[in-house]
Amino acid sequence: MSVLDALDDRQREAAAMLRGPVAVLAGAGTGKTRVITHRIAHGVDTGAYSPSRVMAVTFTAKAAGELRGRLRALGVAGVAARTFHAAALRQLNFFWPTITGDPAPSIIDNKVRMLGQAADAMRLRPSTATLRDIASEIEWRKVSMLTIEQYAELERPISGIRPEQLVELQAAYEQLKDDRRQLDFEDVLLACAGMLESEPRVAAAVHEQYRHFTVDEFQDVSPLQNRLLELWLGDRRDICVVGDASQTIYSFAGAQQRYLLEFDRRYPDATVVRLETNYRSQAPILDAANALMRGRPGALALVPRAAGIGSETPTLTAYDSEREEADGIADAIIKRIGTGASPADIAVLYRAHSQSAVLQQALAARGIATSVLGGTRFFDMPEVRQSLLALRGAAVAPTDTGFLPTVRDVLRGLGLTEEPPAAGGAQRDGWEARRAILRLAEEAPVGTTLRAFADDLMARAQDQHEPVLHTVTLSTLHAAKGLEWPHVLLAGWAEGALPISYASTFEQVDEERRLAYVGITRAARTLGVSWSRSAGRGERAPSRFLAEIGTTSRGTGILRDTAPSARRSVRQARPAPSTPPPA
């Protein structure tokens, strides 16, 4: 039996193409990670690939860990699945001593702190928020491969500091790093690229080590990452890129979707496979997603795997205030849980972190526990680290109570009770974390030993393979990318929030549209969209994106209003488009 047997026709076509160049245009929910892992496994099974000569590049350590985990499940070990930065740092640390005779420079852990020190030396007193903005500008400049002089010509203003001071501060920051013999995160990529360009023996060694490259989320590569990839490849062509132009949501950080859109121009003989069968979402949800992106560059037309009998039409609700919107969302979640849904199956997504506080308050008032994405990672929580140490210790001592009773005893000794504490707060977070560990033990295969369970938890921690918490997820749209839930509620779809107020150009508004698309396509079974007419003292109009997904090309409705006033508000307060129609 071949690993390709588990794939559909298009997925199999992509996975069977073992020699590059290959571009897999994979829409949301179409199984791109499945294709990546099965393609590598097929290459190893057929002898076309040696695992140690394959590099799979991702954008997050969590995604790299997921790739390694899935490959292990397919019987493949030894593949280098790493982020761009992890791969570059590994090469830098290995080759730097042989080139210079000295250890590689250390990596600074806080760019803002060092910027503050450079500012002090210049007798400047920018606020912490201004320093964070400057740090972001430095990151953007470097991944865009611009010198400080080239950056100065662009005249990108930052509030709280004059343009000439901004340039001087960046130069002072670089000098301070050099004096301390340190690199920042972006310098790792620059230094690795410079090393490959200037040292032929290093380039030859890397080309010998890695023969086959796969790059996930290729729509998000920056000019610097693309250049590093070119240097890793050399004059070879065994590259497979996977991405979706409609999910480019990091342009502000230097991502350029043109590398994906123009891949077949760079490689005229490239094999291009389009994955458009969506295995996640019901048809009405896909109708909304397709309507929003219709005519946009690289947009894919998602089709559901099945007809989806009984599919719920996405809803649109208008509220008078943000507080009423949060209360309405919380009540909808209570109703959904009452029908049998698990809190872990529900997510509330929004544009900015500032929108989470009122939602947390509304949910806590109803006794609903929440987890906020972007907070402390599961395996970094003190309760989890404490539990891992206790379980490893218990695995050393002999016991007669059996695997699952021992796990229960250990966790109870650390504070796990039968009933959770009141919703919200650190105590509830710790309880949910320990309960998640107990669920993993309850779901472990028959015959699992305490030692094997503890080892599995350590492997999960290394790969950031986090268990599911039985809580409602709150997340920004950016943090939700790559995730999915059966039930999704999208909050704050008003002008000034989505698209956000500072999105003024065509390109910026188009990025906000893609962000909205990412939010819609996180939903599997049900989708609710809401907005409020006021925020503080100001009045707001509904997001222009609501008008764009209000009807299909056949003239039928996509969003079902939960109150007549909601639809009237959308029609009467529709803002004038600030962007030209799609080509």
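Modeller: Please note that this is a predicted model. We may begin with a charge over a ring: the charged end of Arg-266 sits over the ring of Tyr-267, 4.5 Å from its centre. Likewise, Arg-156 lies over the face of Trp-140, at 3.8 Å from the ring centre.

Biologist: How many aromatic pairs are there?

Modeller: The count comes to nine aromatic pairs. In one of them, Phe-84 and Trp-232 are stacked, with 6.0 Å centre to centre and 10° between the planes. This pair links distant parts of the chain, since Phe-84 belongs to helix α4 and Trp-232 to helix α11, 148 residues apart.

Biologist: Is Trp-232 buried or exposed?

Modeller: Buried means under 20% relative accessible area. Trp-232 has 0% relative accessibility, so it counts as buried. Phe-84, at 2%, also counts as buried.

Biologist: What kind of pair do Tyr-250 and Phe-252 form?

Modeller: Their pair is tilted, at 5.9 Å centre to centre and 50° between the planes. Tyr-250 counts as partly exposed at 27% relative accessibility, whereas Phe-252 is exposed, with a relative accessible area of 54%.

Biologist: Which element gives the largest share of the lining of the second largest pocket?

Modeller: That element is α15, with seven residues. The second largest pocket has a volume of about 470 Å³, and 25 residues line it. Among those nearest its centre are Thr-315, Arg-336 and Gly-528. The lining divides into ten nonpolar, ten polar and five charged residues.

Key. Residues are numbered from 1 along each chain as its sequence is written. This is a predicted model: local features need pLDDT of at least 70, side-chain atom pairs count only at pLDDT 80 or more; totals for chains, interfaces and linings use all residues. Side-chain values use heavy atoms; hydrogens and water are left out. On a 1 Å grid over the protein atoms alone, a cavity is a set of points where a 1.4 Å probe fits but cannot get out, and a pocket is an open set with protein on both sides within 12 Å along at least five of seven lines; lining residues have an atom within 4 Å of a point. Grid points are joined across faces, edges and corners, and a volume is the space filled by probe spheres set on the points. Helices (H or I, at least four residues) and strands (E, at least two) are DSSP runs, numbered from the N terminus. Ala, Val, Leu, Ile, Met, Phe, Trp, Tyr, Cys and Pro count as nonpolar, Asp, Glu, Lys and Arg as charged, and the others, Gly among them, as polar. Rings of Phe, Tyr and Trp (its six-membered ring) pair if their centres lie within 6.5 Å; planes under 30 degrees apart count as stacked, over 60 as edge-to-face and the rest as tilted. Buried means under 20% relative accessible area, exposed over 50%, partly exposed in between (1.4 Å probe, protein chains only). A charge sits over a ring if NZ of Lys or CZ of Arg is within 6 Å of the ring centre and within 35 degrees of the ring normal.
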